[in-house]
Amino acid sequence: MSDVARAWTRIRHGLRDSAGGRLFDQWLKPMTLIETDETDIVRLALPSAFMTNWVRNNYGERLTHEFRALVPGIQQVVIETVSAATALSTIKAEPVAATPAPAVPQSARPTFDSRFTFDRFVVDASNRVAANAAQALAQAGTPRFTPLFLHGATGMGKTHLMHAIGAAYLAAVPEATIIMMSAERFMFEFIQAMRARDTFSFKARLRSADLLMIDDLQFIAGKDATQEEFFHTINEVMGAGKRLVVTADRAPQALEGVEARIVSRFASGFVADIKPADLTLRRAILDRKLADMDDAHVPEDVLALLAGRLTNNIRELEGALNRLVAYAQLTDEAIDLDFTHATLGELLRGAQKRITIDEIQRAVSSYFELKPLDLVSARRARVVARPRQIAMYLAKRLTTRSLPEIGRKFGGRDHSTVIHAVRRIEELRGTDGDVDTAVRLLMRDLEG
């Protein structure tokens, strides 16, 4: 049994214990290890594209970390869709005698994520420059510029563009030698080479690349020996007119602990930032993601909630949609706002801006053209009572206030009055289109 196979056995036991029986049996148990001759890549197979997508988003990083911890030489864990029969035959097949093919360096056979292509990268003003620069660098022929330095916050699409560049350039120049690694991996391999007293092979491999891509440069900050080697490596690559792509979470000049000469080299190339996605882009990304999900129906108000609330990064947004659809299919329930709040409650609450009852009262009174005092008055006319019930319902949904606290904010009413209001609005949302529209519009405005 290989080291990777032994590691996989241990990891599977850990997944069963941590995920629980139901989740493990549904999503993780069908996953199989495909043993190959690749020494730095682990390949795991699942029988359907939907399962593959779900495991990638929910367990991809964990699987990578666990394999690296048990088998230090592992650089990448690839989760792909392969039929169960094919996976089994791949694992158990005996090697067949054949004329040996010419040895191809591992770096010349990179594996790029098929989800991360240029045509799947949703573009708007916040990332257009970065996307155009990436496509320009991926074209065959003499590069118009090098290096390309992409910077932006975590989860904004830098890694997506790196995979897209690699895949497009390999398609344009099939014989190209491409190396993609994190700065952390660069540092680890360099240290290993020094300990083995074989830095020559390390240097020769990286400097032979036609396209070298280094992710998360900020991780070499303060590492003097690593920076020294990194500087000479990028000098060699750029001096030979080859392509270099580097990403970081901030602009070159803002990288503390990185030598000025390295910063200067990047500043001499093309620097493009990826700004945080606005509401329009987040909504477009959800539409693009949803188009890949067969038979998944997510209502407009749920998509608006996700796009409006989950603003930190695109990875979190896409993960939330994956989780929502997966849970709906597991439980055979329809996706609506209530199901979304029940499924993603912690995530949505963590991203929710703090809304006060006073803000709710002002928004409701403005929507129904009332005075804020009307909502806390003793008036029982329907023109006031219904908006008051809607305001109480929103206070229960959008704040952490207790029922007695909500009642006190509405003219000292009893908590049972609040319960009645919440239940009544929940009923009316299913039968009265005007009430449902009012609630949805008010929630959208209040949640920003």
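Glutamate 405 and arginine 401 form a salt bridge, with their closest N and O atoms 3.6 Å apart; the term covers a side-chain nitrogen of Lys or Arg within 4 Å of a carboxyl oxygen of Asp or Glu. This is a predicted model, where local features need pLDDT of at least 70, side-chain atom pairs count only at pLDDT 80 or more, and totals for chains, interfaces and linings use all residues. Residues are numbered from 1 along each chain as its sequence is written, and side-chain values use heavy atoms, leaving out hydrogens and water.

A search of the whole structure finds 24 salt bridges.

| Glutamate | Arginine | Closest N and O atoms |
|---|---|---|
| Glutamate 405 | Arginine 401 | 3.6 Å |
| Glutamate 189 | Arginine 185 | 3.2 Å |
| Glutamate 229 | Arginine 207 | 2.8 Å |

How exposed are these residues? Glutamate 229 is buried at 5% relative accessible area, while arginine 207 is partly exposed at 22%. Buried means under 20% relative accessible area, exposed over 50%, and partly exposed in between (1.4 Å probe, protein chains only). Glutamate 189, at 11%, is buried, and arginine 185, at 10%, is buried too.

Now for a helix pair (helices being DSSP runs of H or I with at least four residues, numbered from the N terminus). Helix H15 (residues 357-367) and helix H17 (residues 382-398) have axes that come within 9 Å and cross at roughly 145 degrees. Those axes are lines fitted to C-alpha atoms over the stretch in contact, and angles run from 0 to 180 degrees between N-to-C directions.

Note on methods. Helices (H or I, at least four residues) and strands (E, at least two) are DSSP runs, numbered from the N terminus.
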